Structure formats: structure tokens, C-alpha cells
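Here are my notes on the model you sent over. Have it open while you read.

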Amino acid sequence: MSYDVSFLTLQTIARKVGIDVIGVTGVEPFEELLPLLKRFYEEGRASGFEHPDAAVRIDPLSLLPNASSMISIAVAYVHEDAYATTYPKKVTGLVSKYAWGTDYHRIVTQKLERLAYYLQKQVHHDIAYKIAVDTSALVDRAVAERAGIGFIGKNCSLITDEFGSWVFLGTLLVDIEIERTPEAQMEHVASLSCQDCDLCLTACPTDALIAPFVIDSTRCLSYITQSKGMIPEEFRAPLGRRVWGCDTCQTVCPLSKTPSLTKEPAFFPERELAFPDLYYILSLTNRTFQQKFGHTAVAWRGLAVWRRNAIIALGNIRDDRAVPLLIDLLTDARPEIRASAAWALRQIDAKEGTLAVAKACYEEKDTQVLLEMRYALEFTENRQETDR
Ligand code: SF4
Ligand code: SF4
């Protein structure tokens, strides 16, 4: 078969664009995914962020009907600061490493745009193309696995040989023929596997990994930190100091322990974001939040979600100094902030906090928040009884 672009040429372009791993596959549908996706939806394990139609998700042509080739790329994001020995102070929230720099959707999309531009120059004519980065109907990890970028581990992450699972994935569909990933790369990737390891399954704080390769997204802290409204009680303590995302099932993975580091400056950590002071988060206004973090991945759900998570983290740390601030937050305009503040005060269990929650009950109009406040008071009373 003759190709418009050879794999060697593609690799040369990829290096120029700052892509760390590249592979090419055909546009045949991912039939093997259909029953798995159907079960995923039927069993209520979808977070709601995914495209709702399994048939669309398995078919690359639903994105670009005249596509001939699918290019999958991985861009490494882990930075040496992830291994800093001096860990920041106690009131620092934990932010998932993927969110430490500029929003990867922008950066990976830019790289794919440049890749498409160079491909057009290569074939001397305009090409039709479609870019998919995380939010498209396609299952990026499945595309990457079939294109020989890496394999899908029991933690449901795509694991590469050189960078572990600390990579962002992107897909470029094009209407020209690109030479497929060489057999040697495919065979190497096929030789990688989890074998009998199950560290991620046992380390997951919420049992979201319900079986090898099976995730319940509704239990995953990465999704929960991005969801709006109140965080269900059972997930608040497991959140610990996490204010955005969760890295646990990647951190424990032996295949992701010593990755090559990112060379992309846009992913270098911004300290106020990578290691945010919880009080600093709670001092932000919508305007200052957008000014400081509008270009990052934490911005897309708005400040309220981040504030709520910071309040839960303060409750988990049980930092006494937070009590006056949490008392103020009992009258915040947002119900989830008032309810979270009541929960955090319950955790810290300071007398003035309990009195403030009791007082706030008289003013509270939201039934759900009132329930949370009453529950906080009952919990404190029960604890005092037990302590006697
Ligand atoms: Fe579990 Fe965290 Fe991994 Fe989600 S990201 S599956 S909560 S360890
Ligand atoms: Fe596979 Fe072990 Fe890594 Fe989980 S922790 S993805 S089981 S190698």
C-alpha cells in the first residue's frame, strides 16, 4: 500500500512539534468496546462528562466521515517538582499533577494543529482533519492503545513505556493515508502489562476501581472534586487534602514511578496552583480567580467548586485556625459552601464553631443545608456523649 506520509516523516514532524510519543491506526470502529461501554452506562458508572451514545463513541467516522487515518499522540506532563523532598506546609491542598500548568486541552490541541499544518505542507494540499482532546466522543485511551502508544492498565490509565501514565493524549483524524505504527513499536507495547500487580486497586481511597480495568467514575475522587453541589458524606474524609483531582492510582503504579520528565514549559508547575494554600483559595474572588487561574484546567468548573473542596480539606486537616473563617462561611451565598463549612466545623469540633452552627440553623432556609447543619450538631453531641 502506498502512503501519503511515511511514519518516519511523521515522527520527524512530531519531534519538531514537541510530541513525546506518536502512533497511527486505521479508522475501523472499536467494536470490542461496545459491550463494555453499554455496561458502563447501564450500571450507572458514567460521571456524566462522557458522550452519552456508545455507538458514536466507538466510531471514528462519527467525528470525521471521510477520515482514513487516526494519529494518536502522548505529551508527557510530570515535572521534577513532583518528587520534591520538602513537601509544602500542612495547609497546602493537593492538586493533581495534570493540572499544575496551563490547561492541557489548549496545549495538546495547539500541537495537533501544528501537526496538521506540517502534514498539509508535506502533501502540498489542504487536508480535512479533526482534533480530539479528552472531550470528544472517542475513547482516547482505546485509540492510543491501538496506535501503539502504550497499554491500558488495571487503573484504567494509558501507560507508556517511557513516561508511565503521566501523559496527555490527543487524536488527529485525517483524510490522507499515513503509514501505520511500525510492527516493532506495536510488539514492544504488547509486551508491557500489569502482570499480577494490583497496587492501584488496593490503594484507591474510595474503591472506585471496582475490578481490574473497571472504574466507577461516580466514586472516583478525580470526578468528585470537579462535580458541583455538595460532596456526598462518604467521600469527604477520603478526599483528605485533595482540592483538585486524585493521583493515587498513578502514584502507586510501579510502571509510573520513574518516568522521563516533561519538556513542555507550559506544563511546568505554577506554585500557587500546584501547592495552593487553602486560605489563599478561600480568599479568591471570581475576578482574581479568573485572572490567576483562567488559563488552567481548574478554571472550567468555576471558583465555587475549588472553594468547597478547600473547606472540606480544612475540615480533614482539623486546623483550629480555620474556625473564624468557617463561621463566616456559614452565611455564604452558596448552599454547598454553607453546608461544607458546617461539616468542616463538625470535624474541627471547637466550641465556638458548634455554637455558630447552632445559631446558623435558625437563619438557614435551604432544607438540604439545614439537614447538614443539624447532622453536624447531632454528630458533635454524640461524640461528646461517647467521650464522657
Ligand atoms: Fe481511585 Fe483516585 Fe484513581 Fe479515582 S483517581 S480511581 S479515586 S485512586
Ligand atoms: Fe497495573 Fe499495578 Fe500499575 Fe495498577 S499499579 S496499573 S495493577 S502495574
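1. First, the ground rules. This is a predicted model, with local features needing pLDDT of at least 70, side-chain atom pairs counting only at pLDDT 80 or more, and totals for chains, interfaces and linings using all residues. Residues are numbered from 1 along each chain as its sequence is written, chains are lettered from A and ligands numbered from 1 in the order in which they are written, and side-chain values use heavy atoms, leaving out hydrogens and water.

2. Start with α1 (residues 7-17) and α4 (residues 104-123), which pack at about 140° with axes 10 Å apart. Helices here are DSSP runs of H or I of at least four residues, and strands are runs of E of at least two, numbered from the N terminus. Axes are lines fitted to C-alpha atoms over the stretch in contact, with angles from 0 to 180 degrees between N-to-C directions. The pair is therefore oblique (under 35 degrees is roughly parallel, over 145 roughly antiparallel, 65 to 115 roughly perpendicular, and the rest oblique).

3. Who meets whom there? From α1 come T9, L10, I13, K16 and V17; from α4, K111, R114, L115, Y118, L119 and Q122. Contact means heavy atoms within 4.5 Å. By class, the contact residues are six nonpolar, two polar and three charged (Ala, Val, Leu, Ile, Met, Phe, Trp, Tyr, Cys and Pro are nonpolar; Asp, Glu, Lys and Arg charged; the others, Gly among them, polar).

4. Also in α4 is L112. At 0% relative accessibility, L112 counts as buried (under 20% relative accessible area; exposed is over 50%, partly exposed in between, with a 1.4 Å probe and protein chains only). Leaving aside residues up to four places away in sequence, L112 touches I73, I131, A132, V133, G170, T171 and L172. Its C-alpha lies 9.3 Å from that of A14, 98 residues apart along the chain.

5. T102 sits in the loop between β3 (94-95) and α4. T102 is also buried, at 16%.

6. Now α14 (residues 303-317): 15 of its 15 residues are buried, so the rest of the structure largely encloses it.

7. Finally, α14 packs on α16 (residues 335-348) at about 10°, axes 7 Å apart. That makes the two roughly parallel. Their contact has nine nonpolar, four polar and three charged residues, including I311 and I312 in α14 and W343 in α16.

Conventions
The expected span of a helix is 1.5 Å times one less than its number of residues.
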